[in-house]
Amino acid sequence: MAERTVFQSISRKHVTSLGPQASVRDAACIMTRANCGSVLVMEPPDKLLGILTERDLMTRVLAKGLDPEHTTAREVMTPNPICVPPETLVSDAVVLMLERGFRHLPLVSGTKILGVFSVRDALPREIGTALSQAEFNEQVNDVLG
């Protein structure tokens, strides 16, 4: 069985987004209504500025005592997130996320944003493949110094 691509794996084929001046409370409400863990921060018509995740809300807003009503998405988003094309294999995406320490990857084809791949979209089989690849990469890096 051929491995799935990130685009085949994403559960929602639409983009959840908001503007950079939206409050983080609005972002949390949008994520809650969409039942997803991230929202893209965009300027019209389709310029990706950053990504805001549930982890960002916890570590950059709540843990620091910022007011969710008066803190904007731009202030706490991850700017210029790494993006991958839709044909990226799930295991390659998971390796990238493990190595870089994040859980969400916007999918981009040319200039069009197609959605966001979350580590939750990966099947256990693909996570196992990615972990094996990540361990291999780490061993090679140790040998190469």
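The legends below describe close-up views of a predicted model. Residues are numbered from 1 along each chain as its sequence is written. Local features need pLDDT of at least 70, side-chain atom pairs count only at pLDDT 80 or more, totals for chains, interfaces and linings use all residues, and side-chain values use heavy atoms, with hydrogens and water left out.

**View 1. The largest nonpolar core.** This core has 16 residues, and L18, V41 and L52 are those with the most contacts inside it. A nonpolar core is a set of buried Ala, Val, Leu, Ile, Met, Phe, Trp, Tyr and Cys residues joined through side-chain atoms within 4.5 Å, where buried means under 20% relative accessible area with a 1.4 Å probe and protein chains only. Two or more residues each come from α2 (24-34), β2 (38-43), β3 (47-53), α3 (54-62) and α4 (73-76), and the largest share, 4 residues, is that of α2. These elements are DSSP runs numbered from the N terminus (helices: H or I, at least four residues; strands: E, at least two).

**View 2. V41 and the second core.** Leaving aside residues up to four places away in sequence, V41 touches L18, G19, P20, K47, L48, L49, G50, I51, L52, A73 and M77, a contact being heavy atoms within 4.5 Å. A second, separate core of 13 residues includes V84, L96, L105 and F117.

**View 3. The largest pocket.** About 370 Å³ of space lies in this pocket, a volume being the space filled by probe spheres set on grid points that are joined across faces, edges and corners. On a 1 Å grid over the protein atoms alone, a pocket is an open set of points where a 1.4 Å probe fits, with protein on both sides within 12 Å along at least five of seven lines, and lining residues have an atom within 4 Å of a point. Of the 18 lining residues, T53, G101, F102, R103 and H104 lie nearest the centre. The elements giving two or more residues to the lining are β3, α3 and β5 (104-109), and α3 gives the most, with 4 residues. By class, the lining has 6 nonpolar, 6 polar and 6 charged residues.

**View 4. The second largest pocket.** This pocket holds about 250 Å³ of space and is lined by 18 residues, of which R12, C36, G37, V116 and S118 lie nearest its centre. At least two lining residues are supplied by each of β2 and β6 (112-118).

Terms used
Buried < 20%, exposed > 50% of the residue type's maximum accessible area, 1.4 Å probe, protein only. Nonpolar A, V, L, I, M, F, W, Y, C, P; charged D, E, K, R; others polar.
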